[in-house]
Amino acid sequence: MSHVTRSPQPSDAEDDTAPDEGKRPDDDAGKQESDDETALPAPRDSAEQDPATRPARRNWRAWRTTYPRAARTANVTATVLSALLVVFALLVPNSFDRLLPISFTRIPAEGVLLAGMLLVLPPRARRVMTVVTGVFLGLLTILKLTDMGFFQVLGRPFNLVFDWILFDDATDFLKDSVGPTGAALVVIVVVVLVIAVLTLMTLAVVRLTNLMVRHRQTSARTTLILGTAWIMCMTLNINIAGLPVAAKFDAELVRSRVNMVRDGIRDGQVFAKEAADDDFAGVPPDQLLTGLRGKDVLFTFIESYGRSAIDDPAMAEQIDAVLTEGNTGLEAAGFSSRSGWLTAPIAGAGSWLAHSTFLSGLWIKNQQRYRTLTASDRMTLTSAFGRTGAWRTVGIVPGVRKAWPEGKFFGLDNIYDSEHLGYQGPYFSWSPVPDQFSLEAFERLERGKKDREPIMAEIILASSHNPWAPIPRMVGWDELGDGSVFEQIKKEGKDPTDVWKDSDSVRTEYRRAIEYSLTSLTQYIERYGDENTVVVFLGDHQPNPTVTGSNAGLDVPITVVAKDQKVLDRIADWGWTEGLKPADDAPKWRMDQFRDRFMTAYGPEK
């Protein structure tokens, strides 16, 4: 190629940095042809032949010629931003707890390895590898950011096999919280961000690869130095503020996800074997639950009522006061209670997984297991009552606003969702019906009827569901009417967007919601309970980490309330704490163990 004087071009080395020391300017010119072959995007001469790109490139060259300093600044800025974006993708952790400035001062093994590979590959393979690397880093960044959200809400990372359905639930939650328009805008923004991350990351890797190829010797030396430094730091276990300088987080993250996907695929076979083992499958109906015949048995789930509500110093005093008041009222009405702990399969969200774990005696930790369970003939606590023919079985599920075919699997004769409780008041964010109204509706629609058979009910108290604003408050039971009394209460409540600006505010409103749900239930038992009333109430899972903080565990309280002392005598060997508040050292079982223990305790006496 002949040496000619020309204006600076995008592929020139001097646009990004000075020529390597020891090289003559004509060396770069003499190697321009080979550099153009390896650079991305396509070589200049082929682009110039494309009529669609020719005017734009001419304008760009004219601008660079007219404003060389501004062009150089823009070029350097783009390169620096590209480098920062790639470094961010390689070193950003997948949880907010580890998102510290020191995290970005480490040496990523994956970055060193990729740089070495891109330098040694031939031009065509390098072009393909560059794009693949850019897309992979973009997807990895999206996965890490998704993990951050899952850790904040569920206290665990995103599961690539089972968690896609949760995005539908998140969309429904947004519709309830900010309305359909707001939810649509959020979805659009998320989609745009995903596309932007993938595009910008790929362009950044392309730009940096071209720069490395144009300065191959300097890039090779730098890669060698960084690789040597990584090996030394790893060998000597050098740390900064507790973090290893030699980082390999991305490789470990990818490996863990590969294992998670593999385990998820195998989980179906594992679960099928577990579900086939049922000690009560062949028990005759007349031998089931004989110790509760003639009783009204209410299994009541309090949304997000976790151990943190009782143990967290920021909430313990107020919750203890509510439990003490409830205990005093119940004792005055002739009731006694026993309490313990259960370990739920989930935290933060996914209530239906906890409910089905408790009722089925199987560990339902993901949606695949839930679907397999509800398509089977597994006997649940609720269906066991129906199988005896001695109880009418009903469900009070105010959080359900569309068809729920799984209700038949749980053996419920009748299901009262949000549209069938007679409620004409306002929705309280996610929760359509205040707990006090749900309980009063159950009394009006079912339990308060004369000449009825005993009832087994599954009742979901949803007022303590995230986002905990606005929160209903107790009104006189005779004032509930059709729920219109709650209109003014909602107007006086707090806006979720204001509450969620501060974690202390979120924790306070969560506590107030739990107080409301507990008060609704204990007052209901005091008001309507009798000698034949047995209530088993529990939290379905812990609230999200915004409330609990990290590593709060999965424990939830559970309580059995009854006026008939014989009911509690049947579980005396459980060792549970007397009253509504379980002691710190009270027995703790996995939630899937409750079904068998309960059915054994209330089966035929031996």
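In the predicted model, Val-86, Phe-88, Ala-89, Leu-90 and Leu-91 of helix H5 meet Leu-137, Leu-140, Thr-141 and Lys-144 of helix H7, where contact means heavy atoms within 4.5 Å. By class, this contact of H5 with H7 comprises seven nonpolar residues, one polar and one charged; Ala, Val, Leu, Ile, Met, Phe, Trp, Tyr, Cys and Pro count as nonpolar, Asp, Glu, Lys and Arg as charged, and the others, Gly among them, as polar. The axes of H5 and H7 (residues 123-154) lie 9 Å apart at an angle of about 55°; axes are lines fitted to C-alpha atoms, for helices over the stretch in contact, and angles run from 0 to 180 degrees between N-to-C directions. The two helices are therefore oblique to each other, since angles under 35 degrees count as roughly parallel, over 145 as roughly antiparallel, 65 to 115 as roughly perpendicular and the rest as oblique.

Helix H5 spans residues 68-91 and reaches 34 Å from its first C-alpha to its last, close to the 34 Å expected at 1.5 Å a residue (1.5 Å times one less than the number of residues). Buried residues of H5 include Ala-71, Asn-75 and Thr-79; buried means under 20% relative accessible area, exposed over 50%, and partly exposed in between (1.4 Å probe, protein chains only).

Overall, the protein has 23 helices and 13 strands, which are DSSP runs numbered from the N terminus (helices H or I, at least four residues; strands E, at least two). Of its 606 residues, 48% count as buried. Residues are numbered from 1 along each chain as its sequence is written. Local features need pLDDT of at least 70 and side-chain atom pairs pLDDT 80 or more, whereas totals for chains, interfaces and linings use all residues, and side-chain values use heavy atoms, without hydrogens and water.

The loop between strand S9 (455-461) and helix H18 (486-492) contains Pro-467. The peptide bond from Asn-466 to Pro-467 is cis, with omega near 20°. Pro-470 lies in the loop between S9 and H18, and the bond from Ala-469 to Pro-470 is cis, with omega near -10°. Trp-468, also placed between S9 and H18, has a positive phi of about 60° although it is not a glycine. Most residues other than glycine have a negative phi, and most peptide bonds are trans. Trp-468 is buried, at 2% relative accessibility.
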